Amino acid sequence: MKNTSENIGYLAALGSAVFLSLTSIFISYLNIHYQLPPLILAFWREIFVALILLVVFLVFKPRMLQGAAPHLPYLAAYGFVLALFNALWTISVVLNGAAVGTVLCYCSAAFTALLGWLILKESLTVAKVVAVLLSLAGCALIVNALDPVVWKVNALGIITGVAAGLFYAIYSLMGRSASQRGLDPWTTLFYTFLIAAGFMLLMNLALGKQLPGAAANPAELFWLGKSFMGWFILFLLAAGPTLMGYGLYNVALKHLPSSVANLIVTIEPVFTAFTAYFVLGERLTGRQIIGSFFVMAGVLVIRLYRERTKSANRE
C-alpha cells in the first residue's frame, strides 16, 4: 500500500514538472505580444485558477468546499506564502534575467531538504544531499549559468532570487503539512490561490508604483483591454500549466516527503529545454544535455535509495 502511494506521488510530481515546464511558452507569448507586466499576470493566473476550481467544485463536488473552515488561518498563511513566492520570483526574473532567476529559485531543493529535516522531521540522508547537488548543478547547466555574463547582477537581485527559493521551499513544506492535516490537495489549491490572488491584488494596488512589473494604477490591472486572444491565452495558462502543475504538486506532497517532491519537480527545466527544442525550434547545447542528465540522475538517486531502503526493511 505504501509503495502504491509513493508511486502515485512520483507520477504526480513528474506530471507537475511537465505542466509547469509549459508556462514559459504562454508567458513568452504574453510578454512578446502584449508586454503584460509580470505581477499583473501573476494576479490573473491566481484568480483564474480559483474561479475555475470554484465552478468545477460547485458543479461536480460541492463537498470539496466544505471542511476547510477550521483551517482558514493556516490556509491564509499558506496563500500569503504563495503570493510572496510569485511576487519574489517575478521580481527576481526582472532584476536577474530568466537564467539566473531560475538557478536561484531552484536553491529551494536545498532549503526544502534542510527545513523538512528541521521542521517536519524528514530524513536528511547522504543520498538526498547528493540528489540536491546533482539537481542544482543540472539546473545551472541547463540555464547556462556558467556564462559569467549571466551573473552580472546586483546584491538586491541575488537576495530576491534566494528569497524566492526560500519561499518556494516554505510553500512545499506547508503543502506537506496541509496534507497531514487531512486537507484535500485540490481544496487546498482553491483556497491558497484565492487568498494569494487577494494578496497579489493588494500588492498591485498598494505598491504598484514601487514594485517592478506591477500595476501603476488600478486601470492597468486590465492591461489586455479588449484583446480576446490575450485574455484567452492568459486563461489557458491558468487552466492548464498553472492549475495542473500546482495541483499535481499538491497531490505529490500528499504521498511524498516535501524534500523528495521538490527534488523531482526540479526536473522541470529539462522538460522546458526539450519543449523549447521541439515547439520553438531552440537548439539544445551540449551543456544543456549534460545538465538534463544531471537533474535526471538526481531524481534517480533518490528513487533508487528509497527502493533500496524499503527492500532492506522488508528483509
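Analyst: A residue is called buried when its relative accessible area is under 20%, exposed when over 50%, and partly exposed in between, using a 1.4 Å probe and protein chains only. This is a predicted model, in which local features need pLDDT of at least 70 and side-chain atom pairs count only at pLDDT 80 or more, while totals for chains, interfaces and linings use all residues. Residues are numbered from 1 along each chain as its sequence is written, and side-chain values use heavy atoms, with hydrogens and water left out.

User: What percentage of the residues in the protein chain is buried?

Analyst: Helices (H or I, at least four residues) and strands (E, at least two) are DSSP runs numbered from the N terminus. By that rule the protein chain has 13 helices and zero strands. Of its 315 residues, the buried share is 52%.

User: With which residues is Leu234 in contact, leaving aside its neighbours within four places in sequence?

Analyst: Contact means heavy atoms within 4.5 Å. Leu234 is one of the core residues that touch the most other members. Apart from neighbours within four places in sequence, its contacts are Leu30, Leu36, Leu41, Trp44, Arg45, Phe48 and Leu224.

User: Is Thr242 buried or exposed, and which side chain joins it in a polar contact?

Analyst: Thr242 is found in helix 10 (residues 228–255). Its relative accessible area is 1%, so Thr242 is buried. Beyond four places in sequence, Thr242 is in contact with residues including Val49, Phe193 and Gly247. A polar contact is a pair of N or O atoms within 3.5 Å, where within protein one must be able to donate a hydrogen and the other to accept it, and residues adjacent in sequence count only if both atoms are side-chain atoms; at 3.0 Å, the side chain joined to that of Thr242 is Arg45.

User: How far apart in space are Leu124 and Ala113, C-alpha to C-alpha?

Analyst: Leu124 is found in the loop between helix 6 (108–119) and helix 7 (126–142). Because its relative accessible area is 36%, Leu124 is partly exposed. Leaving aside neighbours within four places in sequence, Leu124 is in contact with Ala113, Trp117 and Val129. Leu124 and Ala113 are eleven residues apart in sequence, and their C-alpha separation is 6.7 Å.

User: Near what value is the phi of Gln35?

Analyst: Most residues other than glycine have a negative phi. Gln35 lies in the loop between helix 2 and helix 3. Its phi is positive, near 50°.

User: Which residues line the largest cavity?

Analyst: On a 1 Å grid over the protein atoms alone, a cavity is a set of points where a 1.4 Å probe fits but cannot get out, and lining residues have an atom within 4 Å of a point. Helix 8 gives the most to this lining, with three residues. The lining residues are Gly175, Ala178, Ser179, Leu183, Pro185, Thr188 and Asn250.

Note on methods. 1 Å grid on protein atoms, 1.4 Å probe; cavity = no way out; pocket = protein on both sides within 12 Å on 5 of 7 lines; lining within 4 Å. Core = buried A, V, L, I, M, F, W, Y, C linked by side-chain atoms within 4.5 Å.
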